[in-house]
Amino acid sequence: MADEIKVTGMVINTMPVGEYNKRLILITRELGKITVFATGAAKPTSAFLGASFPFSFGDFYISKGRNAYNLHAASVKRRFEELSNDIEKMCRGSYFLEFADYYAHEGMDGEELLKLLYLSLTALINENIPDRLVTAVFELRCMVTEGEYTEYPPVKVSPACMKAWETAVTAPLNKLYTFVLSDDVLLEFEGAVGLLKRRFVGKRFKTLDILEELK
């Protein structure tokens, strides 16, 4: 048996393989984005059942297989179950997973992206922070992690929007969601982030389409 590795990560996607097995996509701190095969994870009695759903965050014990890693054990620390109480929040959270999946790749240092994803989902649950603000900040900071961004907004904006942009781009991750914006400035901020996305992100996200239908 290959040597067992402990990684800290979050499940961002799952796919059934046969009747009882699952293929998991994780973003991990140590290995970036990886594919993990979980034998029997779809069985009701499986020890992997709780760790084989999107949003599951914790420690995963894996070994290298031929085409993917194999899951041996998992210790889930958080599942973000609060998202299931609100269909729009769940959709936004799923969009965050899809957006992070777009930028993650195997072999990268996944610590910053994983922490950003975790903190953004935590902020999404916080009723004191507007969901639209969390979404725009998350999108912008994801682009920053990949180096696909502009130091200043790509269009002329108000001083308040400029300040928000600077915070989203440069603040430590644990200080990222410490501000709110007026409706007008939030709309301005969203527009500037949207322009940047059209410039750098060449993908249409299915979960974003669903989110637009819910509005």
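Buried, in these notes, means under 20% relative accessible area, exposed means over 50%, and partly exposed is in between (1.4 Å probe, protein chains only). I'm working on a predicted model, where local features need pLDDT of at least 70, side-chain atom pairs count only at pLDDT 80 or more, and totals for chains, interfaces and linings use all residues. Residues are numbered from 1 along each chain as its sequence is written, and side-chain values use heavy atoms, with hydrogens and water left out.

**Positive phi**

I looked up Phe55 and found phi near 80 degrees, a positive value in a residue other than glycine. Phe55 sits in the loop between strand S3 (32-38) and strand S4 (57-64); helices (H or I, at least four residues) and strands (E, at least two) are DSSP runs, numbered from the N terminus. Phe55 counts as buried because its relative accessibility is 5%.

Phe80 also went in the notebook: its phi is near 55 degrees, positive in a non-glycine residue. I place Phe80 in the loop between strand S5 (69-78) and helix H1 (87-103). At 2% relative accessibility, Phe80 is buried.

**Salt bridges**

My rule is a side-chain nitrogen of Lys or Arg within 4 Å of a carboxyl oxygen of Asp or Glu. The count by this rule is 10 salt bridges.

What does Lys6 pair with? Lys6 bridges to Asp59, with the closest N and O atoms 3.8 Å apart. Lys6 is in strand S1 (residues 4-17) and Asp59 in strand S4, so this pair ties together parts 53 residues apart in sequence. Lys6 is partly exposed at 47%, while Asp59 is buried at 7%.

Asp59 also forms a salt bridge with Lys77, closest N and O atoms 3.3 Å apart. Lys77 lies in strand S5, so here the linked parts are 18 residues apart in sequence. Lys77 is exposed, at 56% relative accessible area.

Next I checked Arg92 and Glu88, whose side chains meet in a salt bridge (3.2 Å, N to O). They are 4 residues apart in helix H1, so about one helical turn separates them. Arg92 is buried at 3%; Glu88 is partly exposed at 27%. Back to the shared partners: Lys6, Asp59 and Lys77 are joined into one network.

**Helix crossing**

I compared helix H4 (residues 159-170) with helix H5 (residues 183-200): their axes come within 9 Å and cross at roughly 55 degrees. Axes are lines fitted to C-alpha atoms, for helices over the stretch in contact, with angles running from 0 to 180 degrees between N-to-C directions. That makes H4 oblique to H5 (under 35 degrees is roughly parallel, over 145 roughly antiparallel, 65 to 115 roughly perpendicular, the rest oblique).
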